[in-house]
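Student: I have a model open and would like to go through it piece by piece. Can we start with the overall layout and then look at some details?

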Amino acid sequence: MTDHPIVDPTGHTPAPAPAPPGPGLGIFDKELLDRCISCGFCLPACPTYALTGEETSSPRGRITLMRALEAGDLAPDDPTLAEESSFCLGCRACETVCPAGVEYGQLLEQWRDHQWSGPNRPWIARALMALVSRPGLLRLQGLVRRHARGTAKATPSTATPAESVPAQSTPPATAGPDPAETPADDSSGQLSAGQQVSLMLGCVERGLYPGVSRAAQQLCPEITVPTRQGCCGALHAHNGDSKTGAELARTLGEQLPGTILTTAGGCAAHLAHHLGRDRVRELSEYLDAKGHQTVGQVTVNGRRARAALQDSCHLRNGLGVTRPPRELIAAVADYVELPSAGKCCGAAGTYAMLRPEDSKKVLEPKLDEAEEADVDYVVTVNPGCLRQVQQGLRSRRSRAKAIHLAEFLALAARSAPEVPPSGNPAQR
Amino acid sequence: MPAGTDLARDLAAIVGDGHVRVDEGALAAYARDATPLFTARPQAVVLPASTEEVAAVLRYATARGIPVVPRGAGSNLCAGTVPLEGGIVLVLTRLDKLLEISPEELLARAQTGVTTAALADAAAAKRLLYAPDPGSRTVSTVGGNVATCAGGLRGLKYGVTRNYVLGLEAVLPTGEIIRTGGRLWKDVAGYDLTRLLTGSEGTLAVITEATVALLPAPQDTGTGVAYFDSLADASRAVAAVIAAGIVPATLEFLDRKCITAVEEYAGLGLRGDAGALLIFGDDGSPATVSGNLARIQEVCAQTGALEVTLAENVARADALLAARRCSLPALSRLGSLTILEDATVPRHRMAEMVDRIDEIADRYGLRIATFGHAGDGNLHPTCVLDPDDADGAGRAHEAFAEIFAAAIAFDGTITGEHGVGAAKLPYLTDRLGEDQMALLRRIKRAFDPAGILNPGKLGS
């Protein structure tokens with residue numbers, strides 16, 4: 001009846017030592033899988049556990065499942081394994097509360113490598129991975145952009161049409177003081193002055209939200225934008241092909257010289273894992289580290305806008321970057337912290353497409369909060385979150401609009417009086 | 001016992017289709033709790049939504065002799081919720097309504113599945129304090145806390161869960177729903193079943209609702225740390241503080257091995273030459289807090305502290321408390337098979353006991369570091385092992401048998417706050433004696449004639 005009857009319930013016999021575990025199937029990195037002490041501290045942090053209240057859909061329960069898979073106690077094609085590996089959002093909120101330092105995100109990648117190998121991979125994920133692996137196809141995304149954004153309307157702040165690769169213009173300079181003089185941000189080191197910074201265009205963002213990259217260039221005229229660049233591989237790593245995910249990250253590392261600047265929190269975390277933390281900066285932490293001085297403010301009906309942040313899970317939980325985006329928003333608008341700002345919005349890469357119902361359940365309370373707080377904008381730092389929150393707000397005809405941080409700051413700058421061509425406010 | 005499909009069908013008729021799990025994955029996930037080395041799969045997992053559904057499940061199980069193991073969040077550390085004899089795991093997390101917080105009556109009423117932190121936060125929002133604060137409070141449930149009589153960091157000044165339970169709603173294994181106690185501080189009508197069920201570890205009845213006492217929230221809190229050459233010196237300081245008429249809200253200690261592990265892990269700048277770190281704190285009016293902290297500082301200095309620091313603000317206090325919070329993470333990095341125990345001795349024998357633990361650990365070639373609650377003598381000797389070291393687990397088992405025997409010899413106990421469960425049942429007779437063990441079994445039979453509730457644990 002029991003797996004391992006450790007204690008004889010009728011007697012006084014002390015528990016014998018457990019049988020040593022077998023060699024395992026090699027699906028998981030043993031070190032990573034052993035880390036979990038099953039304390040359960042992750043349960044309240046997990047969005048899917050909040051939905052079901054069931055152990056199987058908690059991080060601890062999923063690690064128990066992974067261990068059963070690895071030990072051969074559950075069949076490799078067990079339906080609960082398939083369901084739970086897919087139901088997990090991969091938001092990594094559990095990692096931030098784990099006292100034992102379990103790298104859950106890595107374990108999930110390894111789990112999906114097994115569960116979603118070959119024909120078992122959901123076709124939507126397969127199609128997307130094929131699309132982003134071929135740079136030529138990326139341009140086609142522009143054609144389906146409007147459909148994919150779920151609307152015929154343009155985003156409120158991107159008035160100009162998109163080009164496949166923005167030209168290097170020199171918009172009003174807003175560079176701050178010497179980066180070497182600015183304090184380090186919450187998670188990363190300082191940038192060395194004069195180092196080359198390459199903007200990563202992002203395979204999803206390039207197609208769906210080209211205005212974001214353009215806004216980033218307006219904010220950071222010093223950056224370069226190499227035209228030949230592929231996908232970072234996060235999509236592959238999160239959808240059962242971590243090998244290709246790692247290869248794409250390394251390739252992109254070779255294509256983009258110097259520091260890689262990205263406007264996508266998810267890409268930042270994936271690249272940092274493979275290329276090293278020092279190679280990668282997400283936009284908000286980059287602006288923060290270089291002491292960026294925001295310009296202007298965002299107004300609505302003549303008053304200062306009320307704006308909330310939706311954290312990017314991998315930026316927050318993977319890289320620990322939380323302060324910079326909040327401070328940047330607060331500099332150009334009245335910042336409102338929504339109670340669930342740090343929790344997953346349900347976009348979670350391909351999740352919103354693969355599991356739309358669950359994705360919506362995760363998103364809904366957030367939209368309620370945004371409406372209750374009566375914000376004008378929900379600012380995001382990742383294209384997936386932008387698409388998710390934007391669609392959610394539009395579908396309920398909410399007054400609030402979703403916008404990427406880069407565009408939000410650019411919108412504020414457009415409200416400011418012209419800066420003289422030679423002007424750098426920080427140097428005057 | 002009915003076959004799996006029949007069992008699933010029968011249970012679904014009670015709780016609804018979506019709330020019964022019999023798939024192998026779910027059975028594997030509910031085969032364990034937070035206790036290492038104990039695993040046993042149930043035949044079914046049931047998640048009822050009401051007291052009536054709980055009663056129906058229990059009536060069904062009693063009629064067929066099916067074991068039922070009640071479970072909250074599964075954060076317990078004594079294998080108290082492992083279904084050793086299979087059967088049904090009865091998960092109570094869907095009974096999650098906070099029913100009331102009454103500032104006038106200074107009490108709260110909550111369904112069993114509400115997390116302790118949710119209760120404490122709701123009370124705090126009305127400037128009230130729910131005093132029991134087990135380390136697992138963000139995870140663990142009110143029902144689970146009552147069932148294990150959970151402790152926490154404030155035991156000396158504020159007591160433990162049993163000191164706050166006024167009344168319970170519980171379901172007997174035979175299906176009757178009883179309400180013990182109520183909204184009264186004074187009530188001697190009958191045996192104190194509220195206290196009997198508190199700490200009964202799911203072996204007598206299934207707790208479905210609790211009424212608990214609240215206190216006015218203290219206005220202010222303060223924290224400080226002191227380093228000592230040895231734990232014996234720290235113990236003398238603790239005795240002197242209490243003799244001086246101060247009962248601090250917090251008195252936590254780390255032994256030398258914990259200090260080293262925490263420093264290697266977190267680099268907090270702890271003193272490497274200290275044999276013990278004492279974290280003290282108090283709460284109350286600002287004048288009381290600052291007065292008591294100054295006095296504790298003075299007493300520590302007089303009893304030979306190497307260094308005493310008071311936190312000047314909340315952020316600094318958090319930094320000081322980080323050393324205590326980091327203890328388990330730091331130790332678990334040294335070996336992910338982490339056996340966390342809670343042998344408890346009278347406060348004045350704490351230093352002797354930790355010396356004894358060190359001696360036993362050395363003899364068995366084990367890494368056992370000790371931290372814990374200096375105010376109430378509740379020690380957490382923590383053994384860290386490589387999970388593949390089967391021989392190490394065996395040695396740890398023998399070492400802990402000696403540690404529990406030593407605790408009893410020092411007039412202490414085998415568990416201060418984690419519970420007996422399956423993990424410490426083998427040592428319970430040494431603590432209670434044959435006569436009390438027999439009485440426990442007779443009590444168990446009176447509540448649970450069919451012996452279905454959490455078999456193989458207390459009362460078995």
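Predicted model: local features only at pLDDT ≥ 70, side-chain atom pairs only at ≥ 80, totals over all residues.

Student: Fine. How many helices and strands does chain A have?

Tutor: Chain A has 21 helices and nine strands. Of its 428 residues, 50% count as buried.

Student: And what share of the contacts in chain A join residues at least 24 apart?

Tutor: The share is 77%, counted among contacts between residues at least 6 apart in sequence.

Student: Which domains is chain A divided into?

Tutor: Domain 1 covers 30-115, domain 2 covers 163-292 and domain 3 covers 299-414. Between domain 1 and domain 2 of chain A, the contact takes six residues from each. On the domain 1 side, three of the residues are polar, three are charged and none is nonpolar.

Student: Helix 13 of chain A next. How many residues, and how far does it reach?

Tutor: Helix 13 of chain A runs over residues 242-255, which is 14 residues. From first C-alpha to last it reaches 20 Å, close to the 20 Å expected at 1.5 Å a residue.

Student: Which of its residues are buried in helix 13 of chain A?

Tutor: The buried ones are Ser242(A), Gly245(A), Leu248(A), Ala249(A) and Leu252(A). Looking down the axis, these buried residues of helix 13 of chain A fall within an arc of 115°, so they line one face of the helix.

Student: Is helix 14 of chain A mostly covered or mostly exposed?

Tutor: Mostly covered: 10 of the 11 residues in helix 14 of chain A (265-275) are buried. Among them are Cys267(A), Leu271(A), His270(A), His273(A) and His274(A). Gly276(A) follows the helix, with a positive phi near 100°.

Student: Which domains is chain B divided into?

Tutor: The division is domain 1 (4-91), domain 2 (98-216), domain 3 (220-323) and domain 4 (334-448). Taken over C-alpha atoms, the centres of domain 1 and domain 3 of chain B are separated by 44 Å.

Student: I also clicked on Asn454(B). Where is it found, and is Asn454(B) buried or exposed?

Tutor: Asn454(B) is in the segment after helix 15 (425-447) of chain B. Asn454(B) counts as buried because it has 34 C-beta neighbours inside 10 Å, and 20 or more is the cut-off for buried.

Student: What is Asn454(B) in contact with, leaving aside its neighbours within four places in sequence?

Tutor: Val69(B), Pro70(B), Glu201(B), Gly202(B) and Thr203(B). The C-alpha atom of Asn454(B) is also 5.8 Å from that of Val68(B), 386 residues apart along the chain.

Student: Last one. How many residues does the contact take from chain A and chain B?

Tutor: Chain B gives 47 residues and chain A gives 42 residues. In chain B, helix 2 (24-29), helix 12 (327-332), helix 14 (390-409) and helix 15 each supply at least two residues of the side that touches chain A. That side of chain B divides into 23 nonpolar, 16 polar and eight charged residues.

Conventions: Residues numbered from 1 in each chain as written. Chains lettered and ligands numbered in written order. Helix = DSSP H or I, 4+ residues; strand = E, 2+ residues; numbered from the N terminus. Buried ≥ 20, exposed ≤ 12 C-beta atoms within 10 Å, placed from the backbone. Contact = placed C-beta atoms within 7 Å. Nonpolar A, V, L, I, M, F, W, Y, C, P; charged D, E, K, R; others polar. Expected span 1.5 Å × (residues − 1). Arc of directions from axis to C-beta. Domains from an automatic or database assignment.
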